[in-house]
Amino acid sequence: MELLTQGPRGTKDILPGEVDAWLYVEKKIRELCERFGFQEIRTPIFEHTELFQRGIGDTTDVVEKEMYTFTDRGDRSITLRPENTAAAVRSYLQNKLYADNSLTKLFYIGSMFRYDRPQKGRYREFHQFGVEALGEQSPAVDAEIIILAVRFLQSLGLKDLELSINSVGDPKCRPVYREKLQEFFKDKLDGLCDVCRSRYDRNPMRILDCKSGECQRLSVGAPEITDCLCDECNEHFEKVKEYLTAAGISFTCDPRLVRGLDYYTKTAFEIKYSPLGAQSAVAGGGRYDGLIEEIGGNPTPAVGFAVGLERVMLALEQQKLFNAEPHKADAFIVALGEKAQSVGFKLLVELRDAGLKAAMDYAGRSMKAQMKQANKAMAHYAVILGDDEIAKNVAVLRDMESSAQTEVPMEEIIKKLTDEVKG
RNA sequence: GCGGGUGUGGUGAAGUGGUUAACACACUGGAUUGUGGCUCCAGCAUACAUGGGUUCGAUCCCCAUCACUCGCCCCA
């Protein structure tokens, strides 16, 4: 394959036939977010590398091996955003958005970049829709955004979604749990798979959702985070569940649900659509009360989530939930001969100025060929211009559906078509 | 980063160690000289991912590269 005619690995063009579906989804997002009181924010595609190192965590996979980082001409280290939370928080602090309200509710839609191995539902440039609610510690906000995520997916008609929630504790109780877990696995280390042995130090909580049968057997009876939560976290988690239940949202508690980014505290949740295969997590998020302070702001509680839009599109496609309306033309101008071409072109512009969807063929082809074009464009009317018509200063208006045609004086065409189409 | 699969014209898809590499769709033109959607006919001239190798000879065999794809890791 030619370098020049092949896009970079892991990128994907969204082609004209696909854009309609994206616009549809984006429209749903904006409508829903407005209803929930979230305002759109657009942050830069790139940020200082340090922001992500600090915000996401130095030891996470995303920061360790998936970032698109480069040095710019001013010798600064720049990174293409791998997610939008850190950037949204940066903007929140930089622009002092906290000054306007005690609770700031933001949403975004945009490209994110991660240097991963591409596969179904995973690209190096991908799109996320996400929300961030900054400044409030109430579990009601956790519930609010979870409900927003669920409603969004439901509004698209998606079925078979599974919502899992968990609490991952906070800096007070999580280290305690971590130690308990390491204690539990200490003498079972030899039986674990290679991957899990490396997880033991890095992220022992990950051992719990290993797919290896042996690891699963060994992890039976392991302490669960929800049994180790401090009072504050426990109460918070209970409240979130109460709110969700009250709202009629069904969910399952998954004590093994862990989020990969360092900044999460307390609530963690994930929405899965299993038919997607390996990349079935459609949405994920949670609370990150420590992040804003980490980045240099005053301690501020916050919650958010992100939805992978490519995965949503895949699900939409699988469930056949989006059917693009064909683009129909109101009028197709069929011009025969040079004179008719220029008269037709003038008419084309005038029709468009009058607000009609008008098209014509410029190749000077046969009438038959132009009629075929008109048909393909699904034109409501064909406006036929030949030497005879030019001479008489008229055009033939043909209804492509009924095949009825009439001769109309040139000066009446625009009005006539406008009336027919709009009326 | 690791492992498996695949790569034929615009698209889908047959096929073979050696003559003109099927077919379908799409596209273009035509079927009494200015009329579409159905049908019929014709055309699409340098299509076998790229680079090596084995062989008298490879699109079919081997290796590498690239791309796509599935899974692992991780994540949306």
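**Reading helices, cores and strands in a predicted model**

Tutor: Start with helix H5, which has 17 residues and reaches 24 Å from its first C-alpha to its last, close to the 24 Å expected at 1.5 Å a residue. The expected span is 1.5 Å times one less than the number of residues. Helices (H or I, at least four residues) and strands (E, at least two) are DSSP runs, numbered from the N terminus. This is a predicted model, in which local features need pLDDT of at least 70 and side-chain atom pairs count only at pLDDT 80 or more, while totals for chains, interfaces and linings use all residues. Residues are numbered from 1 along each chain as its sequence is written, and chains are lettered from A and ligands numbered from 1 in the order in which they are written.

Student: Is H5 mostly covered or mostly open?

Tutor: A residue is buried if 20 or more other C-beta atoms, placed from the backbone, lie within 10 Å of its own, exposed if 12 or fewer, and partly exposed in between. By that count H5 is mostly covered, with 12 of its 17 residues buried. The buried residues include Pro139, Asp142 and Glu144, as well as Ile145, Ala149 and Phe152. After H5 comes Gly157, with a positive phi near 90°.

Student: Which residues have the most contacts inside the largest nonpolar core?

Tutor: A nonpolar core is a set of buried Ala, Val, Leu, Ile, Met, Phe, Trp, Tyr and Cys residues joined through C-beta atoms within 7 Å. The largest one here has 69 residues, and those with the most contacts inside it are Val131, Ile145, Ala149, Val282 and Val307. H5, residues 139-155, gives the most to this core, with nine residues. Apart from it lies another core, of 26 residues, among them Ala331, Met360, Ala374 and Ala377.

Student: What does Ala149 touch?

Tutor: Contact requires C-beta atoms, placed from the backbone, within 7 Å. Leaving out residues up to four places away in sequence, Ala149 touches Ile271, Ala283, Phe305 and Val307.

Student: Which residues of H1 are buried?

Tutor: An α-helix has 3.6 residues a turn, so residues three or four places apart point the same way. In H1 the buried residues are Val25, Ile29 and Cys33. Seen down the axis of H1, they fall within an arc of 70° (taken from the directions from the helix axis to the C-beta atoms), so they line one face of the helix. On the other side of H1, exposed residues include Leu23, Lys27, Glu31 and Arg35.

Student: Against what do the buried residues of H1 pack?

Tutor: They pack against strand E5 (104-113), strand E6 (125-134), H5 and helix H12 (309-318). H1 covers residues 16-36, and its 21 residues reach 31 Å from first C-alpha to last, close to the 30 Å expected.

Student: How many strands are in the open sheet, and in what order?

Tutor: Two strands pair if DSSP finds at least two bridges between them. The open sheet has eight strands in the order E1-E5-E6-E11-E10-E9-E7-E8, with mixed pairing. Strand E1 (39-40) and strand E8 (252-253) stand at the edges with a single partner strand each, so one side of each has no neighbour in the sheet. Within the sheet, E5 and E6 pair in the antiparallel sense over 10 bridges, and Phe107 has Val131 in E6 as its bridge partner.

Student: How many residues of strand E16 are buried?

Tutor: The count is zero among its five residues, 405-409, and the strand is hardly covered. Its antiparallel partner is strand E15, residues 394-399, joined to E16 by five bridges.

Student: What are the overall dimensions of chain A?

Tutor: Its C-alpha trace spans about 95 × 50 × 50 Å along the principal axes. Chain A has 16 helices and 16 strands, and buried residues make up 35% of its 423 residues.

Conventions: Contact = placed C-beta atoms within 7 Å.
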